[in-house]
Amino acid sequence: MLPEVFNPGVTAVSIAALSMSGLGMYVSRVMLPAKMKRAYVKSITALAAAVETKDSGTVGHAKRIAELTVAVAQIMEIKGRELERIEYAALLRDIGKSVIPQAVLAKTSPLTRSEWEVVKSHTVLGANMVAAVPFLTDTADYVRHHHECWDGSGYPDNLRGEQIPLGSRILAVTSDYDAMISQRPYHMHPMAPHRAMEEIRAGAGIKYDPDVVEAFLKVLGEGFELALELARVA
Amino acid sequence: MQTAPIAYRVFRWTLVVLAGLLTWITWMVFRVGTIPFASTIWFFAAGFLAELFTKGLDDENRIQITPSAPIYWAAACVVGPPLAIALCLMSSILADLVGLVGFISMRRIDTNSNGPAGNPMLRWLKRISKCWERRLNPSIEGCIWEKVLGCPCSLVLSIGLASIVYHAVGGRFLIAGLPEDILSGFILPFIALAATAVIMDVVQSAAAFVLYEKHPTAGGLWGRIKQVNAAILETELPLIPSQILLVFVSLMLAYLYVPLGAWAFVLTSLPLIALRDYYYQKIAEQSAYLDTITTLATCMQHYHPYTRGHLKRVANLAEKLARKLRLSNESINYISMAGLLHDIGKIGVSEEILNKTSTLEPDEWELIKEHPDKGAEIISHLNFVEDIADWIRYHHKWHDGRGYPESNGDLEIPIEASIIAVADCFDAMTDDRELSLEWVCDSCGYTPMNGYRPTQCPMCGANKRRTYRVPRTLQGAIDELRRGSGTQFHPAVVSAFLDMIEREEVHSDVA
């Protein structure tokens with residue numbers, strides 16, 4: 001019975017059917033989502049870049065911070081959807097600034113109390129915006145708390161220690177580092193990378209989560225900065 | 001509810017008569033000796049199940065993946081025309097009946113409780129009833145028999161005819177065993193069979209589309225046919241790869257059925273499931289990502305009082321215009337999103353510049369002029385379907401080539417960009433918001449549309465300009481559109497828009 005039914009033709013066609021379905025599943029479950037995600041990240045990066053022109057006049061920070069944040073998160077063994085959440089939060093962390101008057105953002109003289117309150121509100125505004133997107137609702141928390149400090153002195157909710165979501169703790173380190181080494185209207189002399197790293201190390205346990213700082217220094221120690229530099233040149 | 005035109009109804013009944021005739025002829029010509037009951041029932045059951053799985057790919061079910069077609073094709077070349085006709089008639093009528101039951105019970109459930117959420121059985125019922133509802137199209141008025149018979153009869157026509165073609169070009173019915181020359185006795189005739197079936201389907205739906213005319217079209221019947229031709233090319237062309245895949249799968253099914261029996265259905269349904277999964281996955285991801293950008297853009301403007309509501313109105317107007325101009329389904333689907341996003345590039349421009357009522361400095365001008373390009377850049381990575389980025393990029397480009405962004409050479413401005421331009425300007429002129437900015441040439445007094453502030457006056461070439469507030473009336477806006485037709489705006493879009501105003505399909509804040 002068996003040898004008669006499974007003649008070479010039938011076997012070949014059956015195998016073809018099975019491999020077609022396998023290929024189809026691979027394309028739809030692995031290749032397609034990856035391709036779409038790349039397009040999506042590019043779009044959000046462009047959006048973030050448009051907000052950046054208003055904030056600092058220079059673009060590329062969001063992208064750079066996102067790369068750095070993902071690298072740190074990977075060292076801390078974060079994977080899958082959680083890693084994606086952190087990446088989106090890193091890209092969108094300052095989107096709240098799109099609705100804050102530029103006069104306040106670009107001010108070079110010291111801010112008044114009320115102006116400072118307005119600047120601080122960008123975390124909450126940004127989180128509200130991100131929360132409105134069904135696909136990103138779970139990312140909003142990371143955006144909201146990316147200016148919290150380990151010792152509870154940050155804003156907007158004065159969270160401390162482990163109360164701060166891990167994604168926000170990573171984002172706090174990487175975005176501060178990027179701010180230190182780059183030029184801003186209110187911050188004309190950027191620090192040298194090694195000075196900024198010293199600063200971050202000194203803040204471990206005070207401003208930053210010590211574990212995150214450790215992972216962060218490991219990433220920079222592995223020549224990440226060099227890789228970024230090369231990428232920028234290319 | 002819409003009343004179907006008489007020509008359309010006559011067409012439907014003609015199909016029923018033709019299907020009956022074809023059934024009778026095949027029954028007389030291909031005499032059935034002993035009926036292979038087991039095979040007929042297997043194909044019938046598989047076809048019935050597949051009918052239940054039919055589902056639209058988009059919200060409005062305009063594109064459908066029908067896993068039942070390859071089963072019927074295979075049946076036609078395995079059991080021969082008369083039985084193929086009989087089994088596809090039975091399975092599609094049975095599917096219709098199940099759908100009807102689902103439809104009626106869903107009506108009851110919907111009115112009695114909070115809906116079917118949670119209960120998988122009820123969700124399944126709801127899906128079937130949706131499928132049925134779509135096939136019978138309850139929004140079109142007509143006799144119920146005409147509708148219940150419509151789908152099975154068009155199926156009978158295409159499958160019956162395809163099966164006869166298969167026999168005519170030398171195909172052997174596989175129930176008697178595989179022919180010795182497999183290429184000329186099975187594979188090539190089978191391709192002819194599938195091609196006939198597909199062509200029959202397309203012709204039937206095109207004819208229905210031509211005859212079912214909601215609004216009179218320019219150019220009479222011929223104009224309508226040309227339009228349908230374009231519509232078919234647009235919906236069918238992207239489906240060609242999946243059609244070829246279906247033919248291939250069906251071929252495998254027919255080949256495997258004789259030695260393997262019912263297992264052939266299991267083996268060949270796997271590629272179909274994969275194909276379906278691919279389409280769902282693609283559409284789900286696309287909409288998730290597009291939603292993100294749209295929601296973010298809407299959020300941002302929520303905080304900018306001066307544009308509140310503007311984007312939404314532009315989106316609505318643009319969609320109405322696209323429908324009016326009978327653009328493709330995809331354009332209609334995406335133009336309202338483009339309307340929402342057309343100014344997204346402005347998020348990088350500070351409010352001081354946007355709100356400025358005095359003369360803009362040249363560098364401030366450069367910033368404003370960048371916004372279409374920036375917006376296009378943001379959306380460009382996500383345009384899976386249409387060139388939405390170009391619709392946004394050219395929404396400040398004039399019909400005659402002036403405006404911004406700068407371009408060299410002959411530029412084909414997408415009609416969608418012209419639609420957004422008209423909708424944008426009309427809403428800006430008739431909106432009673434506080435800050436209505438107007439650009440006026442100091443030298444000659446030339447006033448282009450609101451929102452258009454060229455560095456140089458297009459009429460006299462002067463570099464001076466001033467902006468001030470102008471409250472406008474509806475009539476003023478209409479005059480302005482008329483004046484700009486052919487220079488600033490696409491004439492066809494303007495005339496469609498004025499027509500819409502005449503029919504009072506447009507509402508605005510001002511009288």
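These legends describe close-up views of a predicted model. Residues are numbered from 1 along each chain as its sequence is written, and chains are lettered from A in the order in which they are written. Local features need pLDDT of at least 70, side-chain atom pairs count only at pLDDT 80 or more, and totals for chains, interfaces and linings use all residues; side-chain values use heavy atoms, without hydrogens and water.

**View 1. The largest nonpolar core.** This core holds 105 residues; a nonpolar core is a set of buried Ala, Val, Leu, Ile, Met, Phe, Trp, Tyr and Cys residues joined through side-chain atoms within 4.5 Å. The residues with the most contacts inside it are A:L47, A:I95, A:Y177, A:F216 and B:L481. Helix 2 (residues 8–55) of chain A contributes the most, with eleven residues. Helices are DSSP runs (H or I, at least four residues), numbered from the N terminus.

**View 2. Two cis peptide bonds.** A:Y155 and A:P156 are joined by a cis bond with omega about 5°. A:P156 sits in the loop between helix 8 (140–144) and helix 9 (166–181) of chain A. In chain B, the bond from B:Y404 to B:P405 is cis, with omega near 0°.

View 3. A:E77, not a glycine, has a positive phi of about 60° and lies in the loop between helix 3 (61–75) and helix 4 (80–92) of chain A. A:E77 is exposed at 64% relative accessibility. Phi of B:R326 is near 55°, and this residue is partly exposed, at 34%. Buried means under 20% relative accessible area, exposed over 50%, and partly exposed in between (1.4 Å probe, protein chains only).

Terms used. Helices (H or I, at least four residues) and strands (E, at least two) are DSSP runs, numbered from the N terminus.
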